[in-house]
Amino acid sequence: MDMPASALRVNQKIRTVVVGLDGSVESMAALQWAGSVIDHDGVIHAIAAISPARELAIAAVQIDSAQVITNLTRELEADWTAPLRAAGHNVVCQVVEDDPADALLHVSATVDADLIVVGVHAKPKHAPRTVGRVTAKLVHHTDRPLAIVDDDVDGPRAEFSTVVAHADSLATTDTAAQWAAGFADAHGTGLTLVRSTPNRPALGPDGLLDVLAFYLDPAMLRQWAAEDLAQLADEIQRSTEQHLRITWSSTSGAAGPRLVEASADAALIVVGRDTRAGQGHMMSNELRHVIIHAPCPVVVIPPDR
């Protein structure tokens with residue numbers, strides 16, 4: 001990793017969270033999960049968005065759009081967020097007339113959110129999740145961590161023993177490992193670092209040595225990866241406030257399935273967004289696999305965060 005211990009900052013607190021709400025079971029689960037991970041003196045910004053297309057549809061059937069917004073505000077403040085306020089959380093409600101993804105991006109930038117949280121659909125129960133347009137747009141465009149939650153979780157409970165972090169050789173996964181370490185440190189879980197070496201390494205600017213090692217002795221790549229992970233684990237341990245239970249594994253094959261396999265009893269999977277994935281709403285196959293198949297919430301860390 002070649003990262004000095006002084007560069008690691010793993011004790012960050014989650015004090016400002018933006019949550020997207022639409023009244024669905026999934027969005028309510030996202031709100032509940034946000035309440036379980038935010039710092040005790042933090043603020044949750046509950047955002048309900050009404051898109052211009054929906055307002056046009058409302059106008060087309062001659063329904064008073066102002067009344068619709070009033071009703072949505074009442075639901076947001078009275079019904080959807082009341083349980084969190086009753087539990088002692090500081091919740092700020094806001095109805096935004098904008099595309100849902102754009103609304104969340106704008107509010108998160110305005111309040112300098114530490115985390116954005118959204119719910120995703122899984123139909124039927126325990127089936128692979130659906131990566132919708134809003135989630136895909138947020139994954140690609142957010143400049144801060146994004147948590148993706150379905151309705152089958154209720155926070156990092158004690159029986160969840162670890163946080164799984166994608167600890168690849170890319171700079172984006174350096175930050176993912178750091179963020180995961182901070183979460184594990186704050187919530188008293190272990191930390192599992194996972195790196196997957198490709199079956200056929202690609203030749204890049206710095207990849208000639210990997211290619212030679214692969215054809216001479218494929219096990220050498222896994223050995224190097226394990227040594228890197230051990231170094232990273234040591235740097236993380238020396239930068240935390242308490243002793244973390246850190247484990248690591250180096251396997252071969254696609255990273256997505258390996259991360260999902262490692263997360264059977266995990267509170268969270270943390271993965272960096274690869275800037276090489278493409279443009280528009282594209283995301284890497286590995287990241288898409290993790291979001292769809294993970295048995296726990298997924299946090300996506302943007303580059304240079």
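Me: What makes a stretch a strand here, and where is G20 found?
Reply: Strands (E, at least two residues) and helices (H or I, at least four) are DSSP runs, numbered from the N terminus. G20 is found in strand β1, residues 16-20. The model is predicted: local features need pLDDT of at least 70, side-chain atom pairs count only at pLDDT 80 or more, and totals for chains, interfaces and linings use all residues. Residues are numbered from 1 along each chain as its sequence is written, and side-chain values use heavy atoms, with hydrogens and water left out.

Me: Why is G20 called buried?
Reply: Buried means under 20% relative accessible area, exposed over 50%, and partly exposed in between (1.4 Å probe, protein chains only). G20 has 14%, so G20 counts as buried.

Me: Which residues does G20 touch?
Reply: Contact means heavy atoms within 4.5 Å. Leaving out residues up to four places away in sequence, G20 touches S27, I47, L104 and V117.

Me: What makes strand β11 largely enclosed?
Reply: Count its buried residues. In β11 (residues 266-272), 7 of the 7 are buried, so the rest of the structure largely encloses this strand.

Me: How do you know that β11 pairs with strand β8, and in which sense?
Reply: Two strands pair if DSSP finds at least two bridges between them. β8 (residues 162-166) and β11 have 4 bridges, so they pair, in the parallel sense. V163 has L268 in β11 as its bridge partner.

Me: What about β11 and strand β12?
Reply: β12 covers residues 298-301. β11 and β12 also have 4 bridges, again parallel. V271 stands opposite V300 in β12.

Me: Which residues of helix α11 are buried, and what covers them?
Reply: In α11 (residues 285-293), they are L287, V290, I291 and I292. Their cover includes β11 and β12.
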